[in-house]
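This report goes through one protein chain, from its overall make-up to a few of its side chains. Please look over the sequence and the structure before reading on.

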Amino acid sequence: MCTYASGPDKLHYACVRCRISFKRHHAAAGHACPECARPLRCAGHDFAAPRRRDRRAWSVVAVVLAAGLRYEGFEPCGCRREPKFRPRTRAQVRARRIVAARTGAPLADLLGRADPLQDT
């Protein structure tokens, strides 16, 4: 049974500046943050927001979302669970930035790999 076929599902939206997240239905016009009125960024189906006071974790989330990545663990149809890697610490982001600078590979590609040196 397809997980996302049962009905309209909600996506996680996050405001990195205010360090808050919400689950909302997808809207073409987008959603605004209720605190700062800036647009919320779509974080995907499987985003687990860090605690609001954890600035370091939110800085990692900011880098991942700025690279255009989302936190998705399901295939598009939702039939198989294949978790995608996303960095969880600033050290992991730093290592991927160093590899991107040395090899010229796009940072978004390296942020999605568990091993940044794999296939470079």
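A residue counts as buried when its relative accessible area is under 20%, as exposed when that area is over 50%, and as partly exposed in between. By that rule, 34% of the 120 residues of the protein chain are buried. The model is a predicted one.

**Overall make-up**

The protein chain contains 3 helices and 3 strands. Their order along the sequence is β-β-β-α-α-α. The accessible surface of the protein chain is about 7,700 Å², and carbon and sulfur atoms hold 51% of that surface. Among contacts in the protein chain with a separation of 6 or more, 48% are between residues 24 or more positions apart.

Strand β1, residues 10–15, pairs with β2 in the antiparallel sense, over 6 bridges.

Does arginine 19 count as buried or exposed, and which side chain of opposite charge is nearest? Arginine 19 is buried and has no salt bridge; aspartate 54 is the nearest side chain of opposite charge, 8.3 Å away. Leaving out residues up to four places away in sequence, arginine 19 touches Arg52, Arg55 and Trp58.

**Salt bridges**

The count for this model is 2 salt bridges.

| Arg | Glu | N to O distance |
|---|---|---|
| Arginine 52 | Glutamate 35 | 3.0 Å |
| Arginine 70 | Glutamate 72 | 2.7 Å |

The pair of arginine 52 and glutamate 35 links distant parts of the chain, 17 residues apart. Arginine 52 lies in the loop between β3 (41–44) and α1 (55–66), and glutamate 35 lies in the loop between β2 (20–25) and β3. Arginine 52 has a relative accessibility of 42%, so it counts as partly exposed.

In the other pair, glutamate 72 has a relative accessibility of 17% and therefore counts as buried.

**Arginine 38**

The loop between β2 and β3 also holds arginine 38. With a relative accessible area of 44%, arginine 38 is partly exposed. Which residues does arginine 38 contact, leaving aside its neighbours within four places in sequence? They are Arg17, His31, Ala32 and Cys33. The C-alpha atoms of arginine 38 and cysteine 18 are 9.8 Å apart, while the two residues are separated by 20 residues along the chain.

**Helix α1**

Helix α1 has 12 residues, which at 1.5 Å a residue should span 16 Å; the end C-alpha atoms are 16 Å apart, so the two values agree. The buried residues of α1 are Ala57, Trp58, Val60, Val61, Val63, Val64 and Leu65. Trp58, listed here as buried, is also one of the residues that arginine 19 touches. The cover over the buried residues of α1 includes the strands β1, β2 and β3 and the helices α2 (90–103) and α3 (107–111). After α1 comes glycine 68, which has a positive phi near 90°.

Technical notes:
Residues numbered from 1 in each chain as written. Predicted model: local features only at pLDDT ≥ 70, side-chain atom pairs only at ≥ 80, totals over all residues. Heavy atoms only, no water. Salt bridge = Lys/Arg side-chain N within 4 Å of Asp/Glu carboxyl O. Helix = DSSP H or I, 4+ residues; strand = E, 2+ residues; numbered from the N terminus. Buried < 20%, exposed > 50% of the residue type's maximum accessible area, 1.4 Å probe, protein only. Contact = heavy atoms within 4.5 Å. Areas by Shrake-Rupley, 256 points an atom, 1.4 Å probe, with all protein chains shown as cover. Pairing = 2+ DSSP bridges. Lys, Arg positive; Asp, Glu negative; His and termini not counted. Expected span 1.5 Å × (residues − 1).
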